[in-house]
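The reader may wish to keep the structure in view throughout.

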Amino acid sequence: MNKDDDNFQMPEIDRVVHEPARLAILTVLSSCEEADFLFLERATKLSRGNLSVQLTRLEDADVIEIEKRIEHKRTLTTAKLTNRGRRALNAYWESMNALRTAAKGRLTAGSPKRARPPRRSVQVEV
């Protein structure tokens, strides 16, 4: 352990973005202007119920906007990133890159290639 280990600070991770289903949705939405429910369902491979719940949570956090409209006598639900959502996703990836960079730096600074917890000695009675 060196003195840099004591100064290492874990980057702040946005839990709204970090959850895997929500991260998948946000990543898909970051690559397009907007996406409809069916496209998101297929792209993320989430069930309809789970996708619906996660979209609601993202909308409640003001990271996406959801619009429902009637087209050809059917409801079409679309979602798109808000400016806040785009900033949150970018900040999330910056945090992940900072974490990866810190981990690589620690590895090249003499840490073992495989990290393991210290071994505990076990006393065996004979």
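Two strands count as paired if DSSP finds at least two bridges between them. The model discussed here is predicted. On that criterion, three strands form an open sheet in the order E1-E3-E2, with antiparallel pairing. Strand E1 (35-36) and strand E2 (64-71) each have a single partner strand and stand at the edges, so one side of each lacks a neighbour in the sheet.

The two pairings may be taken in turn. Eight bridges join E2 to E3, and these strands run antiparallel. Within this pairing, glutamate 65 stands opposite lysine 80 in E3. The hairpin of E2 and E3 has two residues between the strands, and histidine 72 takes a positive phi near 55° there. Alanine 35 has alanine 79 in E3 as its bridge partner.

Helices lie across this sheet. H3 lies across E1, E2 and E3, and runs at about 85° to E3. Helix H5 (residues 48-60) lies across E2 and E3, running at about 125° to E2.

The helices also meet one another. Two packed helices are described by the angle between their axes and the distance between the axes. For H3 and H5, the axes come within 10 Å and cross at roughly 75°. Angles of 65 to 115 degrees count as roughly perpendicular, and H3 and H5 are therefore roughly perpendicular to each other. H3 contributes Ala21, Arg22, Ile25 and Leu26 to the contact, while H5 contributes Asn50, Leu51, Gln54, Leu55, Arg57 and Leu58. The residues of this contact of H3 with H5 comprise six nonpolar, two polar and two charged.

A further contact involves H4. The axes of helix H3 (residues 20-30) and helix H4 (residues 37-44) come within 10 Å, crossing at roughly 120°. That angle makes H3 oblique to H4. The crossing in which H3 passes H4 is right-handed. On the H3 side, Ala24, Ile25, Val28 and Leu29 meet Phe39, Leu40, Ala43 and Thr44 of H4. The residues of the contact of H3 with H4 divide into seven nonpolar, one polar and no charged.

Taken together, these contacts place Ile25 of H3 in the contact with H4 and also in the contact with H5.

Key:
Residues are numbered from 1 along each chain as its sequence is written. This is a predicted model: local features need pLDDT of at least 70, side-chain atom pairs count only at pLDDT 80 or more; totals for chains, interfaces and linings use all residues. Side-chain values use heavy atoms; hydrogens and water are left out. Axes are lines fitted to C-alpha atoms, for helices over the stretch in contact, and angles run from 0 to 180 degrees between N-to-C directions. Helices (H or I, at least four residues) and strands (E, at least two) are DSSP runs, numbered from the N terminus. Angles under 35 degrees count as roughly parallel, over 145 as roughly antiparallel, 65 to 115 as roughly perpendicular and the rest as oblique. A crossing is left-handed if the near helix is turned anticlockwise from the far one by less than a right angle, and right-handed if clockwise. Contact means heavy atoms within 4.5 Å. Ala, Val, Leu, Ile, Met, Phe, Trp, Tyr, Cys and Pro count as nonpolar, Asp, Glu, Lys and Arg as charged, and the others, Gly among them, as polar.
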